[in-house]
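Try each task before reading its solution.

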Amino acid sequence: MRLHEYQAKQLLASFHGNVPKSVLICAPAETTNLVSSLPATDWIVKAQIHAGGRHEAKGVRLVHSLAELELCASQWLGQRLVTRQTTAAGLPVDALLVEEVLVLQELYYVSILIDPVLERVVMLTCALGDGSVIEAVKKNPDQLMKIIIDPAAGLQPYQCRRLGFGLALPESKVRAFSEFLQALYEMFVAQDLLMVEINPLGLAQDGRFYAVDIKLEVDDNALYRHPELAQWRDIAQEDPMEHVARAHGFRYREMQGDIGCLVNGAGIALATIDILNLHGGAAANYLDVGALATVERVADAFRILLSSSRINAVLINIFGGIVHCDVIAQGIVTALREQKQPVPVFARLEGNQADRGVEILTGSGLNIIADKDLVHLTKQVVHAAKRGASTV
Amino acid sequence: MSILINKKTRVVVQDILSKRGSFHAQLSLQYGTQIVAGVNVGHGGKQHVGVPLFNTVHEAVDKTEVDASVIYVPPAMAADAIIEAADAGIKLIVCVTEGIPVHDMLRVKVVLSRYDTRLIGPNSPGIITPGECLMGVMPANAYQPGRIGILSRSGTLIYEAALQTTQCELGQSTCVAIGADPVHGMSFVDCLALFEADRKTKGIILMGEMGGYAEEDAAAFIKATVRKPVIAYVAGTSVARPVEYGHAYSLVSQNKGTAVGKCSALEFAGVKIVHSITEIGSTMLNLFEG
């Protein structure tokens, strides 16, 4: 789960990491009142969305007066922001973070994440100069430093010093830098984070290091022990179908095509998309019912899938392992009977009771073609989707 | 011969009283697996599905000489259960539990490195040596004793490969699903080494997926060490990578992890790539008969 910048900064501050003074504005009318608590009349305004690339997308602006800030609030709030890290639809802007302007002497990049090869927590740092971290690393790959943290020992002071001197910090600044890294690491472990990125980390005139921007991801599997973070979930920033599916315990992912896919398992989901692609089709989405499929769950899953508007045909690809295919077939029939204008459905059932399942679907009188041959069905579903697209 | 488990393997089920644990323990018993103990705190001295129960894994090891454990313990307690099994002297731990916090697994891996224990999973459907022993939730009827070793991360892909090799009567020596979590126990490489050394295994199928680096590592190992024929399918070749959030992941991954990249790495290692999920059995059969 991602947090908003303002939430992540609040969290970091509670671990004694420095962040700029700020206020959060959720409605234009609040502006005057809230910013009175901030010093000066120059502020940075930042649209709060769960994605990066806000600068290029003009979602971050320097304002010089209250009037300018109010204009910003009335223009941005309630709108959607599209960046290179969002979909074409963008994400809704429901809050603006207004921050003091810090005078920064140097900018750095710092992140902590779990390296999947090493299976260890690693910390990355890089000096930024004037450009982005990607540009800096491209120019000089040696600038990117990486340290590996032993989970038993935690982040060691010498590791912080190595990174600090590696960034060519003067000795007088290394202590403050180390303290910031320790705060960041402590938060990473205590809050079950998957990734935290400070980009940039700014060295200010007061000699302290500030998190100017922050991105943060929490392990969904650990939310049960962080109820305060779980409350911060902003479902407006998530795909609505994905959200509905998750509430039922299903996995859902939106794709670009027009064929809906109902599957049982993450691996078979990918394989289904691939075989559609191999035969000239394209998946609109997939919904993974998981291993614990029952008649009701399959029916629920199918209803959710059919509620997607872009579907011209459906491919069901189920491997009946422990679950019997006749149970799955009954779930499909239940959901499809309720549909007023059913799209053509093609179902590949394999494994346990596959023949019986195919029989149930074929004998249902509904617009379903069922078979055990996946290639044959894939060709038919691709053809049906093309026909569906041309009649619209 | 087979790898890791056989008809002599003596199994303890941790949380045998859970819905899933109980159901799959019964199916495994019917299959002929020697489940000789169950562990559930507060139920020591009782029996479930004909299996004696113990309060601790240590006690189960003392009384029943188990050497392998399958874990159905809920995610919040699963890390503890894995370490308990290792500390009790269990040599092979299969963790079915899905949803263990990744920070828990980081700690578990450090602890396990001090024990002579192998971990399969977590988030694994398990391991099967057909006709001899089933640990986990795999559907037994997709498998048949034979000569192919199968490896996968997730369940459904291994079932596909198993069923197809069953249908063309190659059968399987052992099938291992190493688990779908980013931090897990045995790797593809660990299993490939065992398959290469196993006399019954004549060919190997690797069912890969986009994401992570397991397939790239496997490719390097195969090129250097494996002489048996290997075929591979990698799911996700047509799936776009999710949009990035920040730069940290791409700085660490250096563009590895795509399904297409995995296919090239495996192909370079001499592995035959199967492009359609439906042609796994036939490709393996051709390799033997062609």
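**Exercise 1: the two chains**

How many helices and strands does chain A have? Work this out, then describe the extent and burial of chain A.

*Solution.* Keep in mind that this is a predicted model.
- Step 1: counting the elements of chain A gives 13 helices and 18 strands.
- Step 2: the C-alpha trace of chain A spans about 80 × 50 × 40 Å along its principal axes.
- Step 3: 47% of the 392 residues of chain A count as buried.
- Step 4: take the contacts in chain A with a separation of 6 or more; residues 24 or more positions apart account for 67% of them.

**Exercise 2: the globule rule**

Compare the radius of gyration of chain B with that of a compact globule.

*Solution.* 
- Step 1: chain B holds ten helices and 14 strands, and its C-alpha trace spans about 55 × 50 × 30 Å along the principal axes.
- Step 2: for 290 residues, a compact globule would have a radius of gyration near 19 Å.
- Step 3: chain B has 19 Å, so the value agrees with the rule.
- Step 4: for burial, 56% of the 290 residues in chain B are buried.
- Step 5: of the contacts in chain B between residues at least 6 apart in sequence, 72% join residues at least 24 apart.

**Exercise 3: where the chains touch**

Which element gives the most to the side of chain A that touches chain B?

*Solution.* 
- Step 1: the contact takes 53 residues from chain A and 49 residues from chain B.
- Step 2: list the elements of chain A that give two or more residues to this side; among them are β7 (104-115), β10 (193-204), α9 (266-278) and α13 (374-391).
- Step 3: α9(A) gives the most, with ten residues.
- Step 4: sorted by type, the residues of this side of chain A are 31 nonpolar, twelve polar and ten charged.

**Exercise 4: a helix pair**

Classify the packing of helix α5 (residues 155-167) of chain B against helix α10 (residues 280-289) of chain B.

*Solution.* 
- Step 1: the two axes come within 8 Å and cross at roughly 50 degrees.
- Step 2: α5(B) is therefore oblique to α10(B).
- Step 3: the crossing of α5(B) and α10(B) is right-handed.
- Step 4: α5(B) makes the contact through B:E160, B:A161, B:Q164, B:T165 and B:Q167, and α10(B) through B:I280, B:G281 and B:M284.
- Step 5: the residues of this contact divide into three nonpolar, four polar and one charged.

Terms used. Residues numbered from 1 in each chain as written. Chains lettered and ligands numbered in written order. Predicted model: local features only at pLDDT ≥ 70, side-chain atom pairs only at ≥ 80, totals over all residues. Axes fitted to C-alpha atoms, helices over the stretch in contact; angles between N-to-C directions. Helix = DSSP H or I, 4+ residues; strand = E, 2+ residues; numbered from the N terminus. Parallel < 35°, antiparallel > 145°, perpendicular 65-115°, else oblique. Left-handed = near helix turned anticlockwise from the far one by under 90°. Contact = placed C-beta atoms within 7 Å. Nonpolar A, V, L, I, M, F, W, Y, C, P; charged D, E, K, R; others polar. Rg over C-alpha atoms; globule rule 2.2 N^0.38 Å. Buried ≥ 20, exposed ≤ 12 C-beta atoms within 10 Å, placed from the backbone.
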